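Trainee: I would like to go through this model step by step, from single residues up to the whole chain. Where should we begin?

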Amino acid sequence: MIFAILLMDRPGTGDLRIQVRPEHRAYLAQQAHRMAFAGPLTSEDGQTTVGSLLAMDFANRAEVDAWLKEEPFTKAGVYEKPIIHVFTNMWAQKVGFPPAA
């Protein structure tokens with residue numbers, strides 16, 4: 001089941017995000033096989049990170065919650081309360097996603 005996970009940063013955590021980013025990326029890499037997509041959300045300047053958006057495959061909400069509890073940005077206090085919903089893709093992707101960085 002694909003879950004859409006919206007994670008907005010707490011105000012004033014930009015430096016903390018940069019500090020914890022290597023640990024965060026390593027944690028995500030361990031679950032790359034589950035990801036439909038993942039990446040940062042930015043302000044309109046395209047540079048300032050304000051949160052993250054992930055779509056990941058988990059068996060149920062309890063698995064999402066357990067995974068998120070151990071996520072480094074969560075543990076460090078970067079994220080505010082997550083918004084999590086089951087996602088059903090009803091549109092065949094044709095355009096819109098740049099190559100993964």
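Mentor: Begin with a definition: a polar contact is a pair of N or O atoms within 3.5 Å, and within protein one must be able to donate a hydrogen and the other to accept it. Keep in mind that this is a predicted model.

Trainee: With which side chain does the side chain of S52 make a polar contact at 2.8 Å?

Mentor: S52 has a side-chain polar contact with R17 at 3.2 Å. A second one, with a distance of 2.8 Å, also starts from the side chain of S52. Its partner is the side chain of Y79.

Trainee: Is S52 buried or exposed?

Mentor: S52 sits in strand 3, residues 49-57. Buried means under 20% relative accessible area. The relative accessible area of S52 is 4%, so S52 is buried.

Trainee: Which residues is S52 in contact with, leaving aside neighbours within four places in sequence?

Mentor: Contact here means heavy atoms within 4.5 Å. R17 and Y79, the partners in the polar contacts, are among the residues listed for S52.

Trainee: Is G39 buried, partly exposed or exposed?

Mentor: G39 belongs to strand 2, and it touches S52 and L53 when residues up to four places away in sequence are not counted. Because the relative accessibility of G39 is 26%, G39 counts as partly exposed.

Trainee: How far apart are the end C-alpha atoms of helix 1, and what span should its residues give?

Mentor: Helix 1 covers residues 14-29, which is 16 residues. At 1.5 Å a residue they should span 22 Å. The end C-alpha atoms agree with that, being 22 Å apart.

Trainee: At which residue does the kink in helix 1 lie?

Mentor: The kink is about 55° and comes shortly before the proline P22. The residue at the kink is V20.

Trainee: Which elements are included in what covers the buried residues of helix 1?

Mentor: The buried residues of helix 1 are R17, V20, H24, Y27 and L28. An α-helix has 3.6 residues a turn, so residues three or four places apart point the same way. The cover over the buried residues of helix 1 includes strand 2, strand 3, helix 2 and helix 3.

Trainee: What separates the C-alpha atoms of A76 and L16?

Mentor: A76 is in helix 3 and is partly exposed at 33% relative accessible area. A76 touches L16 and V20, not counting residues up to four places away in sequence. Although A76 and L16 are 60 residues apart along the chain, the separation of their C-alpha atoms is 7.8 Å.

Trainee: Which residues is T13 in contact with, leaving aside neighbours within four places in sequence?

Mentor: T13 lies in the loop between strand 1 and helix 1. T13 is buried, with a relative accessible area of 9%. Its contacts are G77 and V78.

Trainee: What radius of gyration does the chain have?

Mentor: The chain holds 3 helices and 4 strands, in the order β-α-β-β-α-α-β from the N terminus. A compact globule of 101 residues would have a radius of gyration near 13 Å. The chain agrees with that, at 14 Å.

How values were computed: Residues are numbered from 1 along each chain as its sequence is written. This is a predicted model: local features need pLDDT of at least 70, side-chain atom pairs count only at pLDDT 80 or more; totals for chains, interfaces and linings use all residues. Side-chain values use heavy atoms; hydrogens and water are left out. Helices (H or I, at least four residues) and strands (E, at least two) are DSSP runs, numbered from the N terminus. Buried means under 20% relative accessible area, exposed over 50%, partly exposed in between (1.4 Å probe, protein chains only). The expected span of a helix is 1.5 Å times one less than its number of residues. The bend at a residue is the angle between axes fitted to the seven residues ending there and the seven starting there. The radius of gyration is taken over C-alpha atoms; the globule rule is 2.2 Å times the number of residues to the power 0.38.
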